[in-house]
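Hi,

Here is the structure I promised to pass on. Have a look at it first, and my notes follow below.

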Amino acid sequence: MVVTYALSLKYVPAVLVDARRITPDQFAGKKLDEIKKIVLLEGGREVRIGELFDIVGPERAPENPGDIEILLKQGSNKLCYLGYRMSGGRIVVEGDVGHFTGYKMRGGSIVVKGNTRNYTGSKMRGGTIEVLGDAGHKLGGKLQGEKPGKGMKGGKIIVHGRAGAEVGVGMKSGTIIIHGDAGNLVGVDMQGGTIVVVGNAGIYPGTNMYAGKIVIGGKVECLLPSFYADAILPSVKAKGIRFDKSFMLFIGDAIVGGRGLLYLSYEDNKALLEPYKELVEGMRL
Amino acid sequence: MTQILIKNGIVFDPINGINGEVMDIAIKNGKIVESTEIDESKAMIIDARGKVVMAGGIDIHSHIAGPKVNVGRLLRPEDHYLTNKPHVLPHRRAETGLTVPNVFRFGYEYARMGYTFVVEPATPPIKTRHTHEELNAIPIIDKAAFVLVDSNWIALDLISEASTELLAAYFAWLLSSTKTLALKLVDPGSDVAWLIKGKGIDLDDQIPGYDLTPRDIIREIGNASQLLRLPHKMHVHCNRLGYPGNYLTTLKTMDIVREIKRVDDGPALHITHVQFTGYKGDSWTTLRSGGEDIAEAMSRNPYVSLDLGQVIPGRPATTMTADAPFEFVLYHLTRWKWASADTEVETAAGIVPYVYRKRNYVNTIQWVIGLEVALISRDPWRIIPTTDHPNAGPFTDYPKMFAWLLSKKAREDDMRDMSQLALKRSALPSINTEFTLYDLAVMTRAAPAKLLGLEKRKGHLGVGADADVAIYDIDPREVEISKNYKKLIQAFKRTWLVIKDGVIVVKEGEVVKTIYGRTYYAEPVIPSDLEKEVKRVLEKKFKEYYSITLDSFIINEEEIRNPVKIKISTQLTR
């Protein structure tokens with residue numbers, strides 16, 4: 001049976017809060033008093049959950065983190081590392097959250113009804129993150145300075161709004177679906193997995209990608225010359241989303257000897273993709 | 001003034017020949033005194049019953065400051081994620097970083113392990129002002145730096161043209177004007193070859209542009225340092241570091257001491273991070289450990305000392321060295337990122353991140369070499385355990401290394417996760433040697449103090465020594481360390497109590513007070529006529545080579561926090 005802990009902020013924090021201990025794994029098996037004593041960092045200062053939040057929930061949490069739901073009745077874009085390494089259960093935020101939401105997450109699900117900031121689902125290995133608002137930069141990405149392939153390794157991220165730059169930077173596996181627009185450099189340094197952008201994207205999607213699949217259903221600002229045009233497809237279906245319009249398939253990025261698949265909507269990028277059409281049709285002859 | 005009495009501790013003090021005796025240590029005004037001298041009613045009494053008392057540790061080779069550490073910080077942002085430790089004001093600043101931490105973590109982590117003196121082993125002369133700025137900011141520990149001289153154009157000119165006396169006088173000027181303690185040679189002559197030809201050279205190859213070989217450089221600098229009677233004569237990083245088969249170069253380099261005119265009985269040559277230069281075999285797949293050969297050469301050659309550069313498997317590292325040609329090769333092996341810099345006239349440097357993997361064949365052989373050298377030669381007075389931080393592993397893993405040296409069980413437990421093929425091809429699994437706590441006190445306290453010529457003030461607990469004391473919560477009478485090595489790691493990771501200059505800085509593994517240590521530097525005294533001649537030569541060379549003037553080069557004593565000058569009467573004094 002799933003139990004719910006409802007957390008509501010006593011005050012809105014003015015500085016970033018390291019809330020990595022707000023996860024079902026940390027709550028599991030603890031009494032309510034013990035949960036209230038879990039330490040967070042507000043700025044550099046230690047603060048207990050009970051001092052920052054009013055907590056309403058059962059006296060004792062179940063042993064299995066999968067049976068715990070944490071409900072943040074009010075979000076704040078200062079709350080970082082929410083759901084850090086969580087292995088099961090569910091976190092629902094009825095508002096915004098900060099950076100690194102679901103960092104290194106292994107299972108369970110996070111639903112954010114507002115917006116998230118940078119590095120949402122960064123380095124996650126499993127589970128689901130759903131953002132009803134917008135997400136920041138480096139969605140499902142690796143950290144700055146790490147090798148390609150150190151990003152997201154599994155699981156699923158769904159963003160219903162827009163996403164910032166460098167979606168899925170260095171991702172290895174897993175799925176990212178963005179129903180709105182995405183920023184520049186979608187899937188940079190990508191080594192596997194799937195990114196689907198239903199809306200438009202910025203410049204240079206798929207820069208330095210080795211493998212994986214990027215589908216962009218809207219307009220793209222420009223494309224790198226290191227992608228080979230492969231075919232024109234009448235329609236594309238990716239991760240349950242069907243686009244009933246013609247797409248052009250590119251393979252690249254040749255700079256790194258990659259074999260990644262980049263699907264760009266031909267309908268929306270006629271001016272950009274017109275020159276490639278002749279090449280693709282010429283090959284057939 | 002503060003008086004402290006440490007009662008009933010189990011004292012290990014090799015310089016004074018004390019091996020695990022229960023005795024009292026008295027501290028007054030930052031110095032160790034006879035226990036009769038202090039007034040017990042006014043003194044702070046520390047009950048160290050069942051605890052090990054040693055002098056503060058000394059690390060002879062750890063890259064803690066200087067331009068390349070700073071470039072390493074810029075190169076590795078991922079090294080700083082999730083390593084932050086917030087400040088606890090007023091006594092502790094915030095810490096961050098793992099292999100290239102911020103200055104505060106250097107000081108605090110060393111203090112937490114009971115180390116109170118650390119040497120930055122390579123600073124390019126022209127950038128030493130920066131090195132001192134960083135050393136000034138490192139809290140708690142005492143510091144010193146070694147200055148790079150091997151690819152310095154002025155030094156090379158003087159070696160090929162002028163007399164050994166003039167060369168010695170130049171080094172005396174260099175040490176006192178850069179405020180450093182000893183001379184460091186990194187892959188002698190290779191940085192000149194790197195700049196001109198883009199590759200490193202072996203011991204007997206000719207240096208482009210000069211009629212010299214690295215062998216000549218080591219010999220002549222050795223002779224000059226003998227004339228100067230420097231306490232730590234030469235700190236040599238051997239040629240062909242990191243290449244399979246380089247143990248022969250190391251053995252040849254050790255033999256150079258026979259060509260040096262020695263003036264005293266101390267070691268004439270210190271081979272640093274010997275693990276990186278002890279590879280046998282002719283390719284990476286046939287790599288073997290040259291540890292046995294090096295240990296054997298050590299026993300034949302009493303004028304050489306070593307430090308290990310012990311690899312810590314399963315840990316990330318950031319290799320940073322003035323051996324720029326090797327870093328270029330390593331960059332092509334790792335294919336990730338690389339920073340390279342050439343310092344005008346003097347040297348070059350490279351930085352490449354690296355991860356030592358447990359199951360990797362080559363990394364296991366590297367792990368074996370360091371331990372084999374130490375365990376086969378069994379000479380704690382000449383072998384210093386280091387990890388060449390951050391090249392072979394972070395210094396925070398020293399306790400792990402101590403466990404491998406003190407306990408066969410610790411080695412066997414870690415061997416299970418390593419490359420079995422590599423272990424099958426090496427002697428380490430059959431070595432039963434286990435050092436004792438006394439040996440550990442020698443290796444980490446007494447021997448480095450002697451090698452640096454600081455054995456009067458550092459590395460012991462005799463009367464008159466600086467009051468740098470580390471008390472570890474481990475009772476060797478109750479805990480059998482070779483069986484229960486985890487206890488040793490725990491005790492040495494977080495010291496129970498550390499006293500620095502008579503002030504308690506660490507209590508139960510946590511920093512409770514921040515003070516700032518001293519910076520030691522050598523000033524050899526040379527006759528005035530020789531000094532004038534050096535000035536005359538330098539003025540001409542500086543105009544020719546350097547982009548700055550001679551006056552801007554010299555670092556003043558005011559630029560250093562708590563400087564301590566060590567005057568050295570040289571052979572040149574008339």
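Some ground rules. This is a predicted model, where local features need pLDDT of at least 70 and side-chain atom pairs count only at pLDDT 80 or more, while totals for chains, interfaces and linings use all residues. Residues are numbered from 1 along each chain as its sequence is written, chains are lettered from A and ligands numbered from 1 in the order in which they are written, and side-chain values use heavy atoms, with hydrogens and water left out.

**Chain B overall**

Chain B has 18 helices and 24 strands (DSSP runs numbered from the N terminus: helices are H or I with at least four residues, strands are E with at least two). Its radius of gyration is 23 Å, close to the 25 Å that the globule rule gives for 574 residues, so chain B is as compact as a globular protein of that length. That radius is taken over C-alpha atoms, and the rule is 2.2 Å times the number of residues to the power 0.38. The C-alpha trace of chain B spans about 65 × 60 × 45 Å along its principal axes.

Of the 574 residues in chain B, 64% are buried (under 20% relative accessible area; exposed is over 50%, partly exposed in between, with a 1.4 Å probe and protein chains only). Among the chain B contacts with a separation of 6 or more, 78% are between residues 24 or more positions apart; contact means heavy atoms within 4.5 Å.

On charges, chain B carries 73 positive and 73 negative side chains, and the centres of the two sets lie 3 Å apart. Lys and Arg count as positive and Asp and Glu as negative, with His and the chain ends not counted; each charge is placed at NZ of Lys, CZ of Arg, CG of Asp or CD of Glu.

**Strands**

In chain B, strand β10 (residues 234-237) has β9 (residues 182-186) as a parallel partner, joined by four bridges, and also pairs in the parallel sense with β11 (residues 269-271) over two bridges. (Two strands pair if DSSP finds at least two bridges between them.) Val236(B) stands opposite Leu185(B) and also opposite Ile271(B) in β11(B). Met234(B) and Val236(B) point one way from β10(B), His235(B) and His237(B) the other way, and all are buried.

Over in chain A, four strands make an open, mixed sheet in the order β4-β3-β2-β7. Its edge strands are β4 (45-48) and β7 (79-80) of chain A, each pairing on one side only. β3(A) (residues 39-42) and β4(A) run antiparallel, joined by four bridges, with Leu41(A) opposite Glu46(A).

Two cis peptide bonds in chain B are worth a look: Leu89(B) to Pro90(B), with omega near 5°, and His389(B) to Pro390(B), with omega about -5°. Pro90(B) sits in the loop between α1 and α2 of chain B.

Which residues other than glycine have a positive phi? Tyr119(A), near 55°, and Arg335(B), near 50°, are among them. Tyr119(A) is buried, with a relative accessible area of 11%, whereas Arg335(B) is exposed at 69%.

Cheers
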